[in-house]
Amino acid sequence: MTEITLPARCDRQAIVQLVDPLVQALGMGPVTLDASQVAKPGQALLQLLLSARKTAREMGQSCRITPSEALREMAAMVGAETALFEGEAA
């Protein structure tokens with residue numbers, strides 16, 4: 001299992017730097033995304049995480065996300081909490 005730690009500030013620039021390592025990791029097996037330190041989640045991060053979960057499911061892999069409170073709150077505001085944090089590859 002590959003673990004990728006997300007930075008505290010996940011703005012667009014940080015997301016661009018995460019895409020390639022995440023795609024590579026998903027191609028190798030299960031992935032855990034440690035987002036426990038994310039203090040400033042944004043729309044780009046939510047899009048990346050939803051895409052990662054969908055891609056993992058389509059590949060028969062798992063993609064677990066360990067959220068920070070800020071990320072969990074933002075996901076709840078947009079109705080994405082279940083899609084992001086429940087099950088192996090929602």
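The report below treats the sheet, the helices, the nonpolar core and the cysteines in turn.

The model is predicted: local features need pLDDT of at least 70, side-chain atom pairs count only at pLDDT 80 or more, and totals for chains, interfaces and linings use all residues. Residues are numbered from 1 along each chain as its sequence is written, and side-chain values use heavy atoms, with hydrogens and water left out.

Helices (H or I, at least four residues) and strands (E, at least two) are DSSP runs, numbered from the N terminus. Three strands form an open sheet in the order β1-β2-β3, with parallel pairing; two strands pair if DSSP finds at least two bridges between them. Because β1 (2-5) and β3 (63-67) each have a single partner strand, they stand at the edges, and one side of each lacks a neighbour in the sheet. On average, neighbouring strands of the sheet are turned by 15° against each other, direction ignored. Axes are lines fitted to C-alpha atoms, for helices over the stretch in contact, and angles run from 0 to 180 degrees between N-to-C directions. Four bridges join β1 to β2 (residues 31-35) in the parallel sense, and Val-31 in β2 is the bridge partner of Thr-2.

Helix α1 (residues 12-28) packs on the sheet and touches β1, β2 and β3, its direction making about 165° with that of β1. Contact means heavy atoms within 4.5 Å. Buried residues (under 20% relative accessible area; exposed is over 50%, partly exposed in between; 1.4 Å probe, protein chains only) of α2 include Leu-45, Leu-49 and Arg-53. The buried residues of α2 pack against α1, β2, β3, α3 (69-77) and α4 (81-85). Gly-60, with a positive phi near 75°, follows α2.

A nonpolar core is a set of buried Ala, Val, Leu, Ile, Met, Phe, Trp, Tyr and Cys residues joined through side-chain atoms within 4.5 Å. The largest one has 26 residues, and Leu-6 and Leu-33 have the most contacts inside it. Its largest share, seven residues, comes from α2. Beyond neighbours within four places in sequence, the contacts of Leu-33 include Ile-4, Leu-22, Leu-49 and Cys-63.

The whole structure contains zero disulfides, a disulfide being a pair of cysteine sulfur atoms within 2.5 Å. The sulfur of Cys-63 is 13 Å from the closest cysteine sulfur, that of Cys-10, which is too far for a bond. Both cysteines are buried, as tabulated.

| Residue | Relative accessible area |
|---|---|
| Cys-10 | 2% |
| Cys-63 | 0% |
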